[in-house]
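Welcome! Please take a look at the structure below, and then we can walk through a few of its details together.

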Amino acid sequence: MKPARPLPAVMVLAGALGILGQSRAPGEDAVPSLAAVYKPYFPVGAAVEPETLSLQGDLLAAQVNSLVAENAMKWQVIHPRPGNDPSAYNFSRADEIVAFARQHGMRMRGHTLVWHQQVPARLFRGAGGAASRQEVLDRLRDHITTLLTRYTGAVDAWDVVNEAISDTGAWRTDSPWYQAAGADLDNDGIPDYIVEAFRFARAADPSARLFYNDYNIEAGAKREAALRLVKALKAKGLVDGVGIQGHWSIFGVQPEVVRQAIRQLAALGVEVQITELDLSTYQWGDSSSRPALAPDLERRQAESYGALFEVFRQEAGPGGLTGVTFWGIADDHTWLDAFPVPGRKDWPLLFDVDHKPKPAFWSVVRW
Ligand code: G3I
């Protein structure tokens with residue numbers, strides 16, 4: 001087809017040199033943008049570190065319209081020193097990510113304010129041993145207020161509380177947060193630190209959408225517990241959304257189960273997002289290693305991603321699924337290289353280690 005208007009010479013040259021978008025060999029398809037393809041449905045995001053902005057910046061700029069800090073906004077990283085003076089914080093890594101998002105017109109999710117991991121032990125210590133419940137809640141309020149005030153307008157959705165429910169559906173009692181302020185003094189069925197965290201966040205930035213975020217909440221007792229928690233928080237006007245993390249395996253992903261969970265959570269009047277999506281190419285419990293991603297597994301991964309995104313498109317909308325964020329963008333940077341088998345290579349994302357689209361990518365953008 002003849003273009004309506006001839007392309008300016010500079011664009012023709014840039015295209016020929018591969019400067020515009022991704023370069024491609026003759027006969028190869030142009031690589032569409034996930035963000036553009038999914039614009040009618042929901043924003044598509046990726047978790048990043050400052051280092052991955054350098055390593056994968058072009059790919060991220062071309063593919064996603066939303067970012068989340070993989071680690072840079074967690075307590076241990078952003079608030080490494082005691083107290084609440086500016087000198088107690090290290091905003092530089094988070095600020096780099098915020099600046100990149102701004103520069104590229106991307107939105108940002110904030111991750112995460114209350115988690116039992118990557119939180120300094122000193123928070124739970126006081127003068128005479130363990131810190132009092134009030135001391136811990138005061139520290140939490142200061143931390144949340146500082147972060148949400150600083151990033152008002154830059155971060156539009158926060159994972160306020162992450163992973164407060166155990167795999168059995170009970171509260172995670174081994175969390176230092178639970179141990180310090182997990183009592184339910186007001187008898188509302190929710191450990192107080194959870195409610196207080198949402199209250200502090202609401203007060204600090206009333207414009208931010210506040211999320212409860214967790215893994216494995218799409219099924220079983222953990223889903224029931226998440227539904228109870230979100231219902232109770234919603235009744236208090238404190239929660240706006242739920243994040244289903246989405247760390248699944250190509251051997252176990254169940255798109256229809258995910259669909260039901262999205263519907264059940266959305267029926268509570270909150271938005272639902274997939275917040276940390278990746279599909280490991282190993283079965284859970286398998287500690288063997290493979291030297292490369294075999295074609296049959298690559299195909300299986302493509303089918304799994306394709307089936308999931310079909311559900312995501314069907315459930316998209318303001319009263320349903322409002323965002324999908326990958327936990328990374330390309331296989332050269334993934335937390336799964338360190339977990340559950342340290343040093344074992346995994347290939348869970350849509351782009352390979354050379355930033356080329358995998359079959360999984362094509363099954364997500366073509367249906
Ligand atoms: O930055 C230090 C570095 O200074 C040190 O030399 C090195 C030695 O181990 O550790 C580095 O910190 C690591 C950090 O990632 C940054 O790379 C930590 O050890 C490592 O434990 C940490 O892992 C992160 C993990 O959360 C923490 O439990 C992963 O990158 C991150 O992807 C992962 O993300 C979580 C979500 O926040 C919540 N949901 C589950 C998800 C996967 O576990």
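## Around the ligand

In this predicted model, a nitrogen atom of the ligand sits 3.1 Å from an N or O atom in the side chain of Gln245; a polar contact here is a pair of N or O atoms within 3.5 Å.

Taken alone, the ligand exposes 780 Å², of which the protein buries 48% (Shrake-Rupley areas with a 1.4 Å probe). There are 14 residues around the ligand, and Glu70, Lys74, His111, Gln117 and Glu276 come nearest (a heavy atom within 4 Å counts as near).

His111 also takes part in a cis peptide bond to Thr112, with omega near -10 degrees. Thr112 belongs to strand E3, residues 107–114 (strands are DSSP runs of at least two residues, helices of at least four, numbered from the N terminus). Another cis bond joins Phe339 and Pro340, with omega about 0 degrees. Most peptide bonds are trans.

Helices H3 (residues 50–63) and H5 (residues 92–103) pack at about 10 degrees, with axes 11 Å apart (axes are lines fitted to C-alpha atoms over the stretch in contact, and angles run from 0 to 180 degrees between N-to-C directions). H3 is therefore roughly parallel to H5, a term for angles under 35 degrees.

Residues are numbered from 1 along each chain as its sequence is written, and side-chain values use heavy atoms, leaving out hydrogens and water. Local features need pLDDT of at least 70 and side-chain atom pairs 80 or more, while totals for chains, interfaces and linings use all residues.

Technical notes: Parallel < 35°, antiparallel > 145°, perpendicular 65-115°, else oblique. Polar contact = N/O pair within 3.5 Å; in protein donor to acceptor, adjacent residues only side chain to side chain.
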